[in-house]
Amino acid sequence: MARRAAGGAGGAGVKGARRPELRLPPLAAYDGGGLEPDGVYDGLEFTEADFAGQDASGARFMDCALTGCALDETRLRNARLLDSVLTGVRGVGTNLSEATLRDVELVDARLGGVQLHGAVLERVVIRGGKIDYLNLRAANLRDVVFEGCVLVEPDFGGARLERVEFVDCALKRADLTGVTLTDVDLRGAVEIDIARGVERLAGAVVSTAQLLDLAPVLAGQMGIRVEG
C-alpha cells in the first residue's frame, strides 16, 4: 500500500507535486498465464513477462511490481494501476487510453507510441528511460513528476496539468496545444523544445535561462521580428 508523501520540492509561488511513497507488501510470483479483460491482479510480481498483443482492458493491478515486461500492443484501455511499480518495461503501441494510474512509479521505461489519451494520472513518478510519441491528449495529470527521462514529441494537447514537475528531464518537440497548466514547474528541465502551443505556458514557471531559450519561439508566436 502506498504512503503519501507530504509534497514535492516546489518553490516560491509554486505548489510542489506530492510523490507516492510505495511500500509494497510481500508479493506472490505471477503464474505465467495470460492477462484477461477486467482481470484483477493484486499483490503480484511480474518478472520478464511477455504481454505483447494481450488484452487486459478494464483490468485492475493493485500492489503489483512489473519488472522487464514486454508491453508491445498490449491493450490496457480503462485499466487501473494502483500502488504499483513498473521497472524496465518496454514496448511499442501500448494502449492505456482512459486508464487510471494512482500512486505509481514508472522507472527506466523504453516505450514508444504509448496511448494515454483521456487517462488520469495522480501521484505518479516517471523516472529515467525514454518515451517516444507519448500521447496524453485530454489527460488529467495531478501530482506527477517526470524525472531524469527523455520525452520525444510528447502530445499534451487539451490535457490538464496540475502540480507537475519536470526534473532533469528533456522535452523534445512537445505539443502543448490547448493545454491547461496550474503550478507546473519546468525549471528543472534540462531541455524544453516546444513545437506547438508555446502560448499556453501560462500557469508554468521557468528559469531565466529557459526564458531566454524560449524567446525566439515566443517572439515568433507573437509576430515579433527580431533583427540585428
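**A walk through one predicted chain**

The chain exposes about 10,400 Å² (accessible areas by the Shrake-Rupley method with a 1.4 Å probe; for residues, only the protein chains shown count as cover). Carbon and sulfur atoms supply 49% of that area. This is a predicted model, in which local features need pLDDT of at least 70, side-chain atom pairs count only at pLDDT 80 or more, and totals for chains, interfaces and linings use all residues. Residues are numbered from 1 along each chain as its sequence is written, and side-chain values use heavy atoms, with hydrogens and water left out.

Over residues 1-6 pLDDT stays under 50.

Of the 228 residues, 48% count as buried (under 20% relative accessible area; exposed is over 50%, partly exposed in between; 1.4 Å probe, protein chains only).

One residue can be followed more closely. Gly 39 sits in the loop between strand S3 (28-29) and strand S4 (40-42). Gly 39 counts as buried because its relative accessibility is 9%. Leaving out residues up to four places away in sequence, Gly 39 touches Ala 59 and Arg 60 (contact means heavy atoms within 4.5 Å). The C-alpha atoms of Gly 39 and Ser 57 are separated by 8.3 Å, while the two residues are 18 residues apart along the chain.

Conventions:
pLDDT is the predictor's confidence in each residue, from 0 to 100. Helices (H or I, at least four residues) and strands (E, at least two) are DSSP runs, numbered from the N terminus.
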